[in-house]
Amino acid sequence: MTSPHRRHREIAARAPQWLEEILDCIRTDKSVRKDFDNGGRLHIDRALPFLSVHIGKGREDLAARDIAAANASYLIVNDVEEALPIIIAVGGVLRDRFGAFLLLDIDELDHDTLITDDAPYLPPFEIRIASTADTGAKDAAEAMAAGTDIRQVKFRTPHVERFELKTDRQAAALAEQTGFPLVAVRFAPIYRQPESGNTYPDLRERLVANIFDAGLKAFAAFVGTTQSLKLATHRALGRKAFVDAVSRADRSFDDVASSFDFLLAVTPINTDAAWQAFKAGKFKQEPQFLYRPLSVQVEAEKRKLFSVAFDRFEDPVLYHLYREKQQELDLQLSLISARETSRFVEYGRALYGPVEASLYRVAQDILTKTAALADGGDDVEDDPQTADCEEVEAAARVMIADYHRQYPGFAAEIELRDDLPSGMLVSGERLLISRHTLMPRGRVHALLSHEIGVHLLTYFNGSAQGLRLFRSGLAGYEGMQEGLAVFSEYMAGGMTVGRLRLIAARVVACSAMLEGRPFAETYGMLVGEHRFGPVAAFHLTMRLYRGGGLAKDAIYLRGLLELLSHLKSGGALDPFWMGKISASHFRVMQELSLRGLLKAPVIRPAFLTHPQAQARLDKARAGLNPLDMIIS
């Protein structure tokens, strides 16, 4: 029998030129992506002491292929003989570099033998694992077995069995002919319907993500045993670069997201005139709001959105993020197309969620405990402590210039607008300020910290990540984004009783709107029960009833509570500055950061340098109630 070392020398002697070029790339820390005529591929994101292998044997659309291709280093070919020279050459270079090298051979069983279409219950499904006898491979197999306790797959639970390597011709050949440590994984194709062969898409997605993660745990165990790398977590072994398919999808999604401005589309352009008419009608008639004509062709953008291909992503984490965003953009497009119809409020409820009983109780508690301090909340034009739009604009330019000096990429623009109600909002890289704006001068810095220090800062930090998704926002990002923005007002020393009452009142009024109460009744509740001034109550109610009923305003307090809970549990703030993300994406951001796919924030909020910022942050970490945030 020919020894592995002699076979290595024989194969190396007849290696084609392209393989020599690949080995040079690995030695010089360059990435490799070599496509073969039969649809196979060698991909090496960076040098690592392992290779994931899938032998296709002419089979297509297998989940095993996707699992292999999700790894930072993988080889997909049609047969073992084609794989051997590549594995031996590549594995030899990597073993020389790291002192160890592992093969993970991933394939599927031919059938899911434990289930039929009419099964009265869902039995476990088979996962079979084998390894070579060396300690590193055995430890990797143990980690793989433990990692395949896949509760997140749902529907079916895995039943892990060990098998002898020699009983699997493919795995045995790879181990014997290469001489490398090897772990072989075989799993039942539970994502296929047993009779028709059709796919369960959600189950397939979960299966790929979870077995891929178990594979990373196997690699991490091997690395730990052989001391070939130092790791903070198994997730650091994932990809450090995204493929062209991700870049193409990212551009397509950004094109769709940029085709409409959601907030401008649902914000009335006649707020002041509507207020005057409402007042003239003794606060009883439903105000008639006017909106900008929609400039987006909704159906055309939806066609673009759903024409984006995900089948070449090769990364379950990014795949999931873009699928979530696709669904959110679809819902946003449906929402604006339903503007001023009865469907609008239901689309809004689906997008932003209902007002939970716990959230409602917190809001009511804030309003009750601050009732004696209510001041009406209406600004007076001739009050010397009131800032107008020009004063707000001047302060905004100073803050933006400060950020721009720290990071030239912070290229925000300011627009004064006649078609907005009093206040300001961020749209992409623009800060839009209404010419009707009047606000307490003492609140200007805090509100600019909200709009510029959070919304614009995360836009430009997200832009620096290389994927536009992080600037336009991951799905569901708005709740945490607004929670951070409200928290920034506290950090900047500008959280007042009036501001906290406004945020709480938005929740209570949103609940009333979702219950179907008319505009005038909700307005009357804010004035009569909660002592808001007429103008403040009108603007608050307008925000909730615009477009036909928008549930967005409940997210400010909800997001703040999520953030305070996150800080109390020891969570960090820095990942939130990387881009626009939700609380549910915190672990994902950490993983992508560990992999090197995300950069540290290029700029951090200025309010973190406030003289009292650290003391306030320490209070939040110790456990802070929103009422404790009021700055006297």
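Biologist: What does Arg-443 touch, leaving aside residues up to four places away in sequence?

Modeller: In this predicted model, Arg-443 touches Glu-489, Gly-494, Met-495, Thr-496 and Arg-499. Contact here means heavy atoms within 4.5 Å.

Biologist: Where does Arg-443 lie?

Modeller: In the loop between β13 (438-440) and α16 (444-463).

Biologist: Why is Arg-443 called buried?

Modeller: The relative accessible area of Arg-443 is 9%. Buried means under 20%. The value falls under that cut-off, so Arg-443 is buried.

Biologist: Now Glu-314. What makes its phi worth a remark?

Modeller: Phi of Glu-314 is near 60 degrees. That is a positive value in a residue other than glycine. Glu-314 sits in the loop between α11 (298-306) and α12 (316-337).

Biologist: Is Glu-314 buried or exposed, and how do you know?

Modeller: Buried. Its relative accessibility is 12%, and the cut-off is under 20%.

Biologist: Where is Arg-531, and what is its phi?

Modeller: Arg-531 is in the loop between α20 and α21. Its phi is near 60 degrees, again positive in a residue other than glycine.

Biologist: Why is Arg-531 called partly exposed?

Modeller: Its relative accessible area is 46%. Buried needs under 20%, exposed over 50%. The value for Arg-531 lies in between, so the residue is partly exposed.

Biologist: Which residues of helix α20 (residues 519-528) are buried?

Modeller: Phe-519, Ala-520, Thr-522, Tyr-523, Met-525 and Leu-526.

Biologist: What do the buried residues of α20 pack against?

Modeller: They pack against α10 (271-280), α19 (497-514) and α21 (534-545).

Conventions:
Residues are numbered from 1 along each chain as its sequence is written. This is a predicted model: local features need pLDDT of at least 70, side-chain atom pairs count only at pLDDT 80 or more; totals for chains, interfaces and linings use all residues. Side-chain values use heavy atoms; hydrogens and water are left out. Helices (H or I, at least four residues) and strands (E, at least two) are DSSP runs, numbered from the N terminus. Buried means under 20% relative accessible area, exposed over 50%, partly exposed in between (1.4 Å probe, protein chains only).
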